[in-house]
Amino acid sequence: MKNKLFTPYEWFLILGILLSNLIYSFLVGEFDSIGIMASVTGLLCVVLVAKGSIWNYLFGLINVALYAYISFEATAYGDAALNALYYLPMQFIGYFAWKKRGSVSSQVKARRMSGSSRVVVAELCVIGILLGALLIRHYGGAQPFKDSTTTVLSIAAQVLMAMAFMEQWVLWIITNVVSVVMWVIFAVEGVPHAELMVIMWVFYLLNSVNGLRIWLRLSRDEGC
């Protein structure tokens with residue numbers, strides 16, 4: 001893979017989310033600094049993940065802290081707990097795990113799971129989603145099934161990400177689709193920062209498709 005800062009498509013994603021946030025702020029007549037910072041740092045993080053760059057963890061640290069706060073405000077308790085209690089420490093764990101698997105450059109060495117491992121991960125995700133939905137509903141979460149789906153799949157995807165498995169991107173794509181739907185509903189209900197979170201997750205989705213494409217090649221090149 002050529003060593004360059006960003007491809008044209010990645011620049012489209014980065015500049016696109018920045019421009020979308022600014023246009024939204026102009027239309028509503030309010031500059032939502034927390035929402036904008038969360039969405040832009042999040043997009044930079046996932047773009048760098050797709051590139052296999054270890055520097056994603058720097059932007060990820062900022063993003064997860066802000067997104068935990070936003071999710072808590074929206075009563076998306078699963079997402080709030082996920083970011084504060086899991087994603088935050090995983091930024092440090094992932095950094096050192098990628099550093100261990102890295103080469104002389106900052107790009108991680110990608111790999112693929114076996115067929116049986118994929119089945120086990122899928123089964124655990126389904127069980128986790130069902131149990132999580134019951135728990136979130138018990139504590140009064142606004143969208144328990146969607147919240148549980150994004151929480152459980154994100155946990156699994158983050159583990160696969162730290163272990164540099166290509167299959168993480170399948171889980172990220174599903175997570176992003178569900179998250180777009182969840183935040184659109186929050187936006188309709190007038191939840192603070194929701195519109196900017198919709199924009200963020202749409203760009204996350206676009207990036208995750210690109211990430212799958214890149215990591216299919218990276219894992220094939222590594223012969224894993």
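**Exercise 1.** Which residues of the largest nonpolar core touch the most other members?

*Solution.* This is a predicted model: local features need pLDDT of at least 70, side-chain atom pairs count only at pLDDT 80 or more, and totals for chains, interfaces and linings use all residues. Residues are numbered from 1 along each chain as its sequence is written, and side-chain values use heavy atoms, without hydrogens or water.

Step 1. A nonpolar core joins buried Ala, Val, Leu, Ile, Met, Phe, Trp, Tyr and Cys residues through side-chain atoms within 4.5 Å. Buried means under 20% relative accessible area, exposed over 50%, partly exposed in between (1.4 Å probe, protein chains only).

Step 2. The largest core has 33 residues; L43, W183, F186, M197, M200 and W201 touch the most other members.

Step 3. Two or more residues each come from α1, α2 (33–50), α3 (56–73), α7 (168–188) and α8 (194–221). Helices are DSSP runs (H or I, at least four residues), numbered from the N terminus. The top contributor is α8, with nine residues.

Step 4. Another core of 32 residues lies apart, including V49, A110, A164 and I214.

**Exercise 2.** Find what M197 is in contact with, leaving aside neighbours within four places in sequence.

*Solution.* Contact means heavy atoms within 4.5 Å. The partners of M197 are G35, A38, Y67, I70 and W183.

**Exercise 3.** Is N83 buried or exposed?

*Solution.* Locate N83: helix α4 (residues 77–101). Its relative accessible area is 3%, so N83 is buried. With neighbours within four places in sequence left aside, N83 contacts V64, Y67, A68 and L88.

**Exercise 4.** Classify F26 as buried or exposed.

*Solution.* F26 sits in helix α1 (residues 8–28). Its relative accessibility is 69%, so F26 counts as exposed.
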